[in-house]
There are 2 protein chains.
Amino acid sequence: MALRDTHVTMAHGGGGRAMRDLIAEVFTDVFQPPGHEDQARLMVDALQKPGARLAFTTDSFVVSPLEFRGGDIGKLAVCGTVNDLAVGGARPLWLSAAFIIEEGCEIAMLRRIVATMDAEARAAGVTIVTGDTKVVERGAADGVFITTSGVGVIAPGVDLGAAHLRAGDAIIVNGPLGDHGATIMAARGDFALQSTLASDCAALHGVMSAAMQAAPDIRAARDCTRGGLASALNELASDAKLGMVLDEAVLPLRDEVRGLCEILGLDPLYLANEGRLVCFTPPEQAEAVVTALQTLPEGQGACVIGHVTDAHPGQVRMQTLFGGARIVDMLIGDQLPRIC
Amino acid sequence: MALRDTHVTMAHGGGGRAMRDLIAEVFTDVFQPPGHEDQARLMVDALQKPGARLAFTTDSFVVSPLEFRGGDIGKLAVCGTVNDLAVGGARPLWLSAAFIIEEGCEIAMLRRIVATMDAEARAAGVTIVTGDTKVVERGAADGVFITTSGVGVIAPGVDLGAAHLRAGDAIIVNGPLGDHGATIMAARGDFALQSTLASDCAALHGVMSAAMQAAPDIRAARDCTRGGLASALNELASDAKLGMVLDEAVLPLRDEVRGLCEILGLDPLYLANEGRLVCFTPPEQAEAVVTALQTLPEGQGACVIGHVTDAHPGQVRMQTLFGGARIVDMLIGDQLPRIC
């Protein structure tokens, strides 16, 4: 125990002994990366199968506040990158974690964040194998920013993507929409809102693998993070040159999220999620997927919310409760900053 | 050309159309990552050889100022991660790049940084295959922070590391020390110093591959970044439980760096480098390495600066110009913040 400080100082970023102590006691003692070198060196049996591909992804996390009901920035950082790998059909294997820490950051909070990351990584079956820390002066960052990158393996024959979408495909989500965005909004000082909502933040590797098993012809999947379901669908519609039709009557929304959106004049379709994905299957395989997902804690609320069409390429439309139809456009501007 | 803004706004981080335009026009049009999905999917022939290993590393860059003589934060972000892979004996293949951008950041500057990254990546033979952007409010970050992660392949039979060091091994550097640290120091408003110094920032994959070819029994290598040569040697000495002896008379230092250190009371052994590595070879293979490196632009100033000893395990000592010896300890505290 060489680290006696309670808060991070500039010396913890200087490349010397203080940095070594911080890294050892707060980070590597918990993550226990393999080896002592500054890089992880990994054997990859799974990659040696002919046709296997490596998946590689990265995300920075700048959420404010750093801790919120249902998670913290560390949970987001692990689940976000695990999910980016999973929705592409990859089995997540390794993560890197790079921390940009503001001078004055409380070390006890860093330890809590690191403990969350460690627990989430173990639960998702991934290892945090390498990392970095930088310290910037007070006011040059906001508490802590975390960037994770992930490496996974896509098994031979697995090929998910917008290009595989077909008219008629079912659109499936794994649970209620907008919980994360609504939780962060309620947690901000900006709005004096009381709420029992919790973030949906969760690793979705299990959901994806269940969906892939239940639907051999699964077409594509996306996690609905920043910009929400609407942005994910618009991107896919644009890439696939196909349209999408949502059925408002079946959209899974908690009453609290609906209420918060009504008060604030927001559309829940654009609220961020951190444990929700949308996936696409041939219509005849949709029920099997929904049934399979409903057996998982992260998929309890799974349901079909619409279908793919060739009637209005590139456009997402919603059949409203009143029998009309409205266009669900790409988000213009910014609904809520620093959501992830 | 949908992007008409000259400065980044919060909308550019919101997950909607503004973000998509920024990413397309500033980032992906330049980097041209493979595929349209949110993850890179890569075939890895080199990993299919029995015994090959994957190398994986990450670093955040928070240098201030963002642009300086000899480089910018983008050059650091590419070279730093390429070098982390290279000094471990890996062939660098792919990079990810995650940007945390402060609201108000000039888009023209972002374009310059991205152009540098693209040029450096091409020169180093790596591809920037995936990325992320986040925007935080004015004052919540300082301009732009970049986190790169790197994936490379370690060929079968290659195994560098501190554990392979032996007493008698030669200690070799590839050129003058401290140029990067001195350049950043001179560029800061804090000191009213005029200087023609430029950062040594460079990708060292060529230097490493020349060293590995010239010395079949090369033991280990490290890049001398934050904390300088002294910190790199102390870490290796501690890990290897061996001592190191440096010869002050042969240490390569530019007169300007020496002068700046004298004025400011700094030790050049602790100054950061971004294009310097230290490597260790059996004594009889050292000359071949030095000769090979000197043929390369990044290795012109290569020389032997000392040797490994079992006389004082874990300790780095320097034979001074005056015939004495002093201990070169691990850096305590912080010599210069935000150097990389």
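In this predicted model, A:D142 and A:R338 form a salt bridge whose closest N and O atoms are 3.1 Å apart. The term salt bridge denotes a side-chain nitrogen of Lys or Arg within 4 Å of a carboxyl oxygen of Asp or Glu. A:D142 lies in the loop between β6 and β7 (144-154) of chain A, and A:R338 lies in the segment after β14 (325-327) of that chain, so the pair ties together parts that are 196 residues apart in sequence. Helices (H or I, at least four residues) and strands (E, at least two) are DSSP runs, numbered from the N terminus. A:D142 is partly exposed, with a relative accessible area of 32%, whereas A:R338 is buried at 5%. Here buried means under 20% relative accessible area, exposed means over 50%, and partly exposed lies in between (1.4 Å probe, protein chains only).

Residues are numbered from 1 along each chain as its sequence is written, and chains are lettered from A and ligands numbered from 1 in the order in which they are written. Local features need pLDDT of at least 70 and side-chain atom pairs count only at pLDDT 80 or more, while totals for chains, interfaces and linings use all residues; side-chain values use heavy atoms, with hydrogens and water left out.

**Salt bridges between the chains**

Over all chains, a search of the whole structure finds 31 salt bridges. Across the interface of chain B and chain A, the rule finds twelve.

| A:D142 | A:R338 | 3.1 Å |

A:R20 counts as partly exposed, at 28% relative accessibility.

B:D59 is buried, with a relative accessible area of 12%, and A:K134 is buried at 4%. Salt bridges also link A:D59, A:R226, B:D132 and B:K134 in a network.

**The interface as a whole**

In chain B, 81 residues are in contact (heavy atoms within 4.5 Å) with 82 residues of chain A. The size of an interface is often given as the accessible area lost when the parts come together. Chain B and chain A bury about 6600 Å² between them, 53% of it on carbon and sulfur atoms; buried area is the accessible area (1.4 Å probe) that two parts lose on being put together, summed over both. On the side of chain B, B:R41, B:F56 and B:R226 lose the most area to chain A, together 12% of what that side buries.

Between the two chains, 38 residue pairs are in polar contact (both at pLDDT 80 or more). A polar contact is a pair of N or O atoms within 3.5 Å; within protein, one must be able to donate a hydrogen and the other to accept it, and residues adjacent in sequence count only if both atoms are side-chain atoms. Several elements of chain B each supply at least two residues of the side that touches chain A, among them α1 (17-31), α2 (73-86), β5 (90-102) and α6 (228-240).

Strand β2 (residues 53-61) of chain A pairs with β1(B) in the antiparallel sense over three bridges; two strands pair if DSSP finds at least two bridges between them. Within this pairing, B:L42 in β1(B) is the bridge partner of A:L54.

**Individual sites**

B:G51 is placed in the loop between β1 (40-42) and β2 (53-61) of chain B. B:G51 is partly exposed, with a relative accessible area of 37%. Apart from its neighbours within four places in sequence, B:G51 is in contact with A:M43, A:Q48 and B:P156.

In chain A, A:R219 is found in the loop between α5 (205-214) and β9 (220-223). A:R219 is buried, with a relative accessible area of 18%. Beyond neighbours within four places in sequence, the contacts of A:R219 include A:D159, A:H164, A:D169 and A:F280.

Helix α4 (residues 179-187) of chain B is mostly covered, with eight of its nine residues buried. The buried residues of α4(B), including B:H180, B:I184 and B:M185, pack against β3 (67-68), α2 and α7 (255-264) of chain B.
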